[in-house]
Amino acid sequence: MDGYLRLREATSPDASRGLSRAATSDIVVNFEFKWNDEPGNIIYNRWKALYSVCHTLRSDCRRKHTYSITIEDTRVCLWYFSRSHVAKSQEFDLLDVRAVVGAFASLVFSTPEDLGYDPNIRRILEHDEHTQDDEIRYVYRLENRFFKTIKCRDEYYYLNIVGRATRVWEVIEVASFDDTAALPDVRPMVLRDVWLEHGGRTEREIQQEIFQRCDDLGRSFPADDDHRLRGVDEATRQLLRQRLADATYKELFLTIEEDYRGASSNPCAVGYTPAPHIFAERIYVDHGAERDDSDSTEQSSVSDRCIRIFSDVPFADVPRSSQPREYNPRRRNFVYREVCSAMHELDDLHKAVQALLDALLALQILFLISWIHRDVSAGNILFYEGRGKLCDLEYAKEFNLAVGRRSSDPKTIFMAVELESGMAIYKKRWPKTHAAYMQPMALGLRHVVRHNFQHDVEPIFWILAWLACTHIPGQSGQNTMAPMFHSNAHDFFFCRLQFLIDGEFCAEQLDTLRPPLPPILRAGLLAMSSLLNDGYLERADSIDDRSSYSPIYGEVREALTDIVNAIPPGTVALARPPQPIVGPRSGHRQRTDDLAEKPEEAHPEDVVMAPQGIATTAKRARGLSDADDESRLQKRLARE
């Protein structure tokens, strides 16, 4: 960044230990300058501001929103970035003293909360006796309880501003912001910090309703001829009956200690103009040129205003801006009693398959009460004290085709192929090439696919395949099967489809796996692929036929049980694949500040935030003549 405004009272460690002049955690407004307002400079300036904001919001969990100022020539724009939207002000002239003073006064005299800092989260520097080093901690206030972070277990990796921005912390309960010593006789817990829809129910509320349904079912277990128990063997029936009767089914889910609704994202300004291509097109909106007799109902359309597009693209070819969907997220903090390990953190394949087995049992219990999870993934199946747990119930809901409309599910690399493509497998109209597959999707020829119970089971198949080809050292399948687990891969959709419905293709891919994998793993994956495909074909469009789902749980359980019995603990080790190499100019930045994983010579937020060298920017260099100033003034007057 080229400049900044920072807090008067620093909340970060002394920046002199590193190379920067200011810690990013204390910067509330960043500036980006360009000497002229050529189209390339405008877009470049916007992207510089965007990347800087991405780092700011990602590296400090206190931030709810932040601000930027871009200046090209004498054109000034104010920017607002939050978890719900990005807003840009109308441009004003740098020589307009009243406008400049007003803008700066609004920022300078704002409170830290107005500038985007969450008052319920405090950042502290604490000396760790074990590591003998200073570590940055965060203290969360949830109503009358306080939790101090110990270490970061997981966080979001993408360069997005809008979204859930999930962070998972291992925490310990403390007395207050000022007294951060651990309370006596407390155990570490897990705190999940996430942004969710403002009006949605909390995970605790959803879990309580699920548990109530399970308790009711335990008091009146279905008869043997019930359609929900079709194809279920006697041993599994007894297991389900016992779990529901004595409430031990709760062991398959996390124990929610706290469920707190935090700060909300600010709504969009009244009368705003949508501009979805603001970072791609050189678009300026001149509200002053708006016709007096214009229809007020059309004022949300950009093309109904005076627009100057600094590009070679004809005006008619520029996509019209549409009204964006309403998204008003709110910060949610969940505290869980169990400190678990996610699938990618496990070091033994036996543990991973056991966790999948227990998650499958939890999904079958949800099926018995007619609920769907809708977000089964490797991050939502956990391992705790030898058993698996199913977590993240925010998207869970009752399966009822007569109520509501189709809603979007979270996008993960483990989601069911039908949901991912929007096309039903039973129609048997699948193309034979990647190009033919992508054509109907590009044309929008997609069917309406409702999330059903088998869509909750299919991710278990994908998680097992993912572990087999990417987390077992020495597997050549890391190259041939990799496109199925990288959503940015060119043939991502087509490879996953073929792996599920084409037995020969699936077998060829699994043949690339080599010892120490036992043959039972290959056989199990082939069996699961076949039975899932057959389930879709046999059910066709009768997705409300509950009896068509019940056999799937037993068939998948049989395949997983064979695998876990054939792979004793310690037989097949798991290892996380290496992180991809990131280029120096790719926009990658260090994520949430955590000194425990930082080199001693630099602080976590000690990225170079000093103004950039003139040689790498389009700012004015020393020695420019007065003629340049005159030319610049003539340009501004001509524009006015």
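Is Asp 178 buried or exposed? Asp 178 counts as exposed, because its relative accessibility is 71%, and the cut-off for that class is over 50%. The model is predicted.

## Overall make-up

The protein chain holds 14 helices and 20 strands. Of its 640 residues, 52% are buried. The accessible surface comes to about 30300 Å². Carbon and sulfur atoms account for 51% of that surface.

Take the contacts between residues at least 6 apart in sequence. Of these, 72% join residues at least 24 apart.

Side chains of opposite charge can pair when their charged atoms come close. A search of the whole structure gives 36 salt bridges. One of them joins Asp 178 and Arg 122, with 3.2 Å from N to O. Arg 122 sits in strand S7 (residues 121–128), while Asp 178 sits in the loop between strand S10 (167–174) and strand S11 (189–197). The pair therefore ties together parts that are 56 residues apart in sequence. Asp 178 is exposed. Arg 122 is partly exposed, because its relative accessibility is 36%.

Glu 126 pairs with Lys 148 in a salt bridge. Their closest N and O atoms are 3.0 Å apart. Glu 126 belongs to strand S7 and Lys 148 to strand S9 (residues 145–155), so this bridge ties together parts 22 residues apart in sequence. Both Glu 126 and Lys 148 are buried.

Arg 213 and Glu 398 form a salt bridge, and their closest N and O atoms are 3.4 Å apart. Arg 213 lies in helix H3 (residues 203–219) and Glu 398 in strand S20 (residues 397–398). The pair therefore ties together parts that are 185 residues apart in sequence. Arg 213 is partly exposed, with a relative accessible area of 26%. Glu 398 is also partly exposed, at 36% relative accessibility.

Which residues are linked in a network of salt bridges? They are Arg 145, Glu 173, Glu 257, Glu 258 and Arg 337.

## A negative patch

Seven names make up a negative surface patch: Asp 233, Glu 234, Asp 534, Glu 538, Glu 555, Glu 558 and Asp 562. Helix H12 (519–539) and helix H13 (550–566) each supply at least two of the patch residues. H13 gives the largest share, three residues.

Asp 562 is in helix H13. Asp 562 counts as partly exposed because its relative accessibility is 38%. A patch residue needs over 30% relative accessible area and no salt bridge.

## Asp 348 in its loop

Where is Asp 348 found? Asp 348 is in the loop between strand S16 (341–342) and helix H5 (349–368). Asp 348 counts as buried because its relative accessibility is 7%, and the cut-off for buried is under 20%.

Leaving aside neighbours within four places in sequence, Asp 348 is in contact with Pro 569, Gly 570, Thr 571, Val 572 and Leu 574. His 471 is 123 residues from Asp 348 in sequence. In space, the two C-alpha atoms are 9.9 Å apart.

## Asn 45 in helix H1

Asn 45 is part of helix H1 (residues 39–59). Its relative accessible area is 0%, so Asn 45 is buried.

Which residues does Asn 45 touch, not counting those up to four places away in sequence? Asn 45 touches Glu 32, Phe 33 and Lys 34, and also Thr 70, Ile 71 and Glu 72.

## Helix H10, mostly covered

How many of the ten residues of helix H10 (residues 492–501) are buried? Eight are, and the helix is mostly covered. The buried residues are Phe 492, Phe 494, Cys 495, Arg 496, Leu 497, Gln 498, Phe 499 and Leu 500.

Gln 498 is one of the residues in H10. Gln 498 counts as buried because its relative accessibility is 12%. Gln 498 and Met 484 are 14 residues apart in sequence. Their C-alpha atoms lie 9.9 Å apart in space.

Definitions and conventions. Residues are numbered from 1 along each chain as its sequence is written. This is a predicted model: local features need pLDDT of at least 70, side-chain atom pairs count only at pLDDT 80 or more; totals for chains, interfaces and linings use all residues. Side-chain values use heavy atoms; hydrogens and water are left out. Patches are made of residues with over 30% relative accessible area and no salt bridge: like charges are joined within 9 Å, nonpolar side chains (Val, Leu, Ile, Met, Phe, Trp, Tyr) within 5 Å. Accessible areas come from the Shrake-Rupley method with a 1.4 Å probe; for residues, only the protein chains shown count as cover. A salt bridge is a side-chain nitrogen of Lys or Arg within 4 Å of a carboxyl oxygen of Asp or Glu. Lys and Arg count as positive and Asp and Glu as negative; His and the chain ends are not counted. The place of a charge is taken as NZ of Lys, CZ of Arg, CG of Asp or CD of Glu. Helices (H or I, at least four residues) and strands (E, at least two) are DSSP runs, numbered from the N terminus. Buried means under 20% relative accessible area, exposed over 50%, partly exposed in between (1.4 Å probe, protein chains only). Contact means heavy atoms within 4.5 Å.
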